[in-house]
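Hi everyone, thanks for coming.

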Amino acid sequence: MATIRTFLFLFFGFLIVFGYATWNETIESIALQEGRNNTFLIAKHRKPVNPVRVEEPNRIWGGKCSKEDIVISQSPTRPLPNGIPTYTVEIMNNCFSGCKISHIHLSCGWFSSTNVINPKVFRRLSYDDCFVNNGKPLEYGSVVSFRYANSFSYPLYVKTITCV
């Protein structure tokens with residue numbers, strides 16, 4: 001039994017060191033095999049999945065926040081065991097003046113997912129209107145993350161926000 005553990009440890013270590021996998025992917029694959037679904041994550045230390053070049057909106061420093069302060073990154077992840085593609089979405093408050101942004105509504109079309117997403121994190125209210133973080137403020141640098149599964153990815157854009 002100890003030799004199997006040692007082999008798996010070395011195998012995953014090899015994949016991580018040589019860039020074939022990341023620690024998070026390894027943990028995610030183990031969680032999927034065990035039937036766990038981690039759909040809620042707020043972290044201040046994480047970077048967007050696909051870094052996006054963000055420029056400061058044209059405003060006086062310390063002014064009100066705007067829709068441009070919300071950065072949405074979306075990337076494909078490992079498909080479900082039945083072959084349905086999955087996508088990881090990260091929504092980040094990138095307001096350089098440190099403002100908190102709440103009541104974030106996204107344009108999302110007929111968004112749907114084959115796996116359940118925590119409605120406190122992300123939910124579709126009606127056609128082309130999805131609600132983020134249950135309306136709670138998202139502080140500067142904070143990220144709300146979730147994963148959805150569908151045969152295609154949905155384009156997500158910020159419709160409206162409220163500055164706190």
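C108 and C130 are both buried, where buried means under 20% relative accessible area, exposed over 50%, and partly exposed in between, with a 1.4 Å probe and protein chains only. A disulfide joins C108 to C130, S to S 2.0 Å; the term covers a pair of cysteine sulfur atoms within 2.5 Å. C108 lies in the loop between β4 (101-107) and β5 (122-126) and C130 in strand β6 (residues 129-132), so this pair ties together parts that are 22 residues apart in sequence. Strands (E, at least two residues) and helices (H or I, at least four) are DSSP runs, numbered from the N terminus. The torsion about the S-S bond of C108 and C130 is about 85°, so this disulfide is right-handed.

A word on the source: this is a predicted model, with local features needing pLDDT of at least 70 and side-chain atom pairs counting only at pLDDT 80 or more, while totals for chains, interfaces and linings use all residues. Residues are numbered from 1 along each chain as its sequence is written, and side-chain values use heavy atoms, leaving out hydrogens and water.

How many disulfides does the structure hold? There are 3.

C95 and C99 form another, with sulfur atoms 2.0 Å apart, and both cysteines are buried.

Then comes C65 with C163, sulfurs 1.7 Å apart. That link is left-handed, with -130° about the S-S bond. C65 is buried at 10% relative accessible area, whereas C163 is partly exposed at 25%.

Counting bonded cysteines along the chain, the pattern is 1-6, 2-3, 4-5.
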